[in-house]
Amino acid sequence: MYSYKSLGLVNTKDMFQKAVKGGYAIPAYNFNNMEQLQAIIQACVETKSPVILQVSAGARKYANQTMLRFMAQGAVEYAKELGYEIPITLHLDHGDSFEICKDCIDSGFSSVMIDGSHHSYEENVKLTKQVVDYAHSQNDYVTVEGELGVLAGIEDDVVAEESHYTQPEEVEDFVKKTGVDSLAISIGTSHGANKFTPDQCTRNEDGILIPPPLRFDILEDIEKILPGFPIVLHGSSSVPAEYVNIINKYGGQMKDAVGIPEEQLRKASKSAVCKINIDSDGRLAMTAAIREVMAKKPEEFDPRKYLGPGRDSLKKLYAHKNENVLGSAGRA
Ligand code: G3H
Ligand code: 13P
Ligand code: ZN
């Protein structure tokens, strides 16, 4: 058993209260390896932003949960060494069982998501409450994110055929019955780099895909029902054309990639949305830089020579998100 406080981590309670009041969102960035974690910490220290480090089931499989937990502890020390202390949360992304959530809590995570969105409403309530009861009874209160509504696309192992938007009338009951600290909702975002099919989009004069707007009406209804309650947006990568073009220029084959326009995320950040999840944009930024080095310097075989530029590209992206999209810069 590890206490997250002894690792220098914090839960999301205070972060979210400040974010809702201040009209900005905390970045939740996924990491699976050292370079991604370094880029997150460098960008967040430089922009003085609080940050949520997210570990998915895929990350646990790829990198090992114990490795990732110690890396997060290392990240706390790294941030201090860079000269500015920022609040850092270690969060389980899309936990799909009580056992996974418990395992993470016991090993030092300060926050977990229990994603019961693929179950019936009643099952979701039951499972989420079980996790909340365990998390909140720890000596150091662990925060819990629930999910209501199903995102389109692939949610880890959970496949949803189409987006089932969150029903505002269920939100109050769900929060009351479960005691969750925050709630992920479905208003039109989805995971990955192809968030909409071309049929769901229009095209501008340059042939660029324009996605349908997010359902801000649903978000507003939820805010009216539960004023100030922390709302989370998953699937919030913007899939910048700049990266997709570099990837395709240097041998990639990404077709019809489309994300959520940054303007809409900027608007969401000013609302009760206080946590925005971004993973795919980081994958694109890193892959674009690596592909470019590989293509331009075919003689290179030292991983540092391509992972280094990948890390720099990632850091630039995260600093941009904090400063220009989420508004979290200067809030730590
Ligand atoms: O929600 C999904 C995240 O982007 C994590 O993706 O399951 O491939 O690690 P992953
Ligand atoms: P993206 O695929 O849009 O980056 O979403 C990531 C996410 O929601 C992680 O939980
Ligand atoms: Zn997600």
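Predicted model: local features only at pLDDT ≥ 70, side-chain atom pairs only at ≥ 80, totals over all residues.
View 1. Helices (H or I, at least four residues) and strands (E, at least two) are DSSP runs, numbered from the N terminus.

**View 2. How covered are histidine 94 and histidine 234?** Histidine 94 is buried, at 6% relative accessible area, and histidine 234 is buried too, at 1%. Buried means under 20% relative accessible area, exposed over 50%, and partly exposed in between (1.4 Å probe, protein chains only).

**View 3. Serine 280 belongs to helix α11 (residues 280-296).** This serine 280 is buried, with a relative accessible area of 12%. Setting aside neighbours within four places in sequence, serine 280 touches Gly192, Ala193 and Ser237, where contact means heavy atoms within 4.5 Å. Serine 280 also pairs up with asparagine 30 across the chain: they are 250 residues apart in sequence, yet 9.0 Å apart in space, C-alpha to C-alpha.

**View 4. Glycine 22 lies in helix α1 (residues 13-22).** Glycine 22 is partly exposed, at 31% relative accessibility. Glycine 22 and cysteine 274 are 252 residues apart in sequence and 9.6 Å apart in space, C-alpha to C-alpha.

**View 5. Stepping back, the protein has twelve helices and twelve strands.** Its radius of gyration is 19 Å, close to the 20 Å that the globule rule gives for 332 residues, so the protein is as compact as a globular protein of that length. That radius is taken over C-alpha atoms, and the rule is 2.2 Å times the number of residues to the power 0.38. Of the 332 residues, 56% count as buried.

**Notes.** Residues are numbered from 1 along each chain as its sequence is written, and chains are lettered from A and ligands numbered from 1 in the order in which they are written. Local features need pLDDT of at least 70, side-chain atom pairs count only at pLDDT 80 or more, totals for chains, interfaces and linings use all residues, and side-chain values use heavy atoms, with hydrogens and water left out.
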